Amino acid sequence: MDNKGWNNEVQDNILSAIQKADRAFEFLDLGAGRGQDSLFMARNDWRVVAVEKSAKAIEKMKSAPGFNGLPIEKRQVMVEDFTIEKNRYSIIQLNNVLQLVKREKALGILTLVKGNVRSGGYIIVSGFTVHEPSYKNHKDLCYFNDGELRELFSDFRILFYQEILVHDPGHPEKEYPHQHWIVRLLAQKDVGG
Ligand SMILES: C[S@@+](CC[C@H](N)C(=O)[O-])C[C@H]1O[C@@H](n2cnc3c(N)ncnc32)[C@H](O)[C@@H]1O
């Protein structure tokens, strides 16, 4: 079990992607929350589009030190209603959001993300697996079966894939320490793919 990349930590997968991805293009953070990763990327000179449905989360992002000077375009909209402009992004991230989206819609979003990221660009996904205890109450939402996310990216170059039990020290919605069964992926769209 580890806790790397879970709450309040920038994922290793972002750190890997930014070393290689083309900075002439942008970072798209779908379900950006309070913007921890969007802020990190913008502070590292990436142009960022942060999509988030919650006004409260966006307000929190805007209250971050120095926010006004950062290149973050914030969009308060549902991910499923956001148009992903083709070839605009060299990194697209869906970090801990798909488990909150209806399964069919989430799979549609993944198809759009794959189709619209630039050739050679990177996709980062982190989500829940069906081993997560909350799955039994949310069978309509997108929790991934064993190996499913890897299979969905079988036409991409998979640079990192992991299904793992992680420790969560707690967050405002669930303040006590708990655990999550998560899956993480970093995949690259082949040049010309
Ligand atoms: C668990 S948080 C993760 C936030 C961030 N990606 C991170 O890893 O720190 C999930 C976020 O997704 C947002 N969200 C959930 N469903 C969404 C949807 N359909 N469209 C846009 N945002 C959504 C929630 O409001 C919440 O801020």
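**View A. Asp45 in its loop.** Asp45 sits in the loop that links helix H2 (36–43) to strand S2 (48–51). In this predicted model, the phi of Asp45 is near 70°, a positive value in a residue other than glycine. That is worth a second look, because most residues other than glycine have a negative phi. Asp45 counts as exposed because it has 10 other C-beta atoms within 10 Å.

**View B. Asn96, another positive phi.** Here we move to the loop between strand S4 (89–95) and helix H4 (103–116), where Asn96 is found. Asn96 is not a glycine, yet its phi is positive, at about 60°. Is Asn96 buried or exposed? Asn96 is buried, because it has 20 C-beta neighbours inside 10 Å and the cut-off for buried is 20 or more.

View C. The ligand is surrounded by 17 residues, and the closest are Gly31, Gly33, Lys53, Val79 and Asn95. By type, the shell holds 8 nonpolar, 6 polar and 3 charged residues.

**View D. Ile123 in the largest nonpolar core.** This core has 46 residues, and those touching the most other members are Val48, Ile91, Ile92, Ile123 and Ile124. Beyond its neighbours within four places in sequence, Ile123 is in contact with Ile92, Val113, Lys114, Val117 and Ala187.

**View E. Arg157 on strand S6.** Arg157 belongs to strand S6 (residues 157–168). Arg157 is partly exposed, because 14 other C-beta atoms lie within 10 Å. Setting aside neighbours within four places in sequence, the contacts of Arg157 are Ala187, Gln188 and Asp190. Phe27 is 130 residues from Arg157 along the chain, and their C-alpha atoms are separated by 19 Å.

Definitions and conventions
Residues are numbered from 1 along each chain as its sequence is written. This is a predicted model: local features need pLDDT of at least 70, side-chain atom pairs count only at pLDDT 80 or more; totals for chains, interfaces and linings use all residues. A residue is near a molecule or strand if its C-beta atom, placed from the backbone, lies within 6 Å of it. Ala, Val, Leu, Ile, Met, Phe, Trp, Tyr, Cys and Pro count as nonpolar, Asp, Glu, Lys and Arg as charged, and the others, Gly among them, as polar. A nonpolar core is a set of buried Ala, Val, Leu, Ile, Met, Phe, Trp, Tyr and Cys residues joined through C-beta atoms within 7 Å. A residue is buried if 20 or more other C-beta atoms lie within 10 Å of its own, exposed if 12 or fewer, and partly exposed in between; C-beta atoms are placed from the backbone. Two residues are in contact if their C-beta atoms, placed from the backbone, lie within 7 Å. Helices (H or I, at least four residues) and strands (E, at least two) are DSSP runs, numbered from the N terminus.
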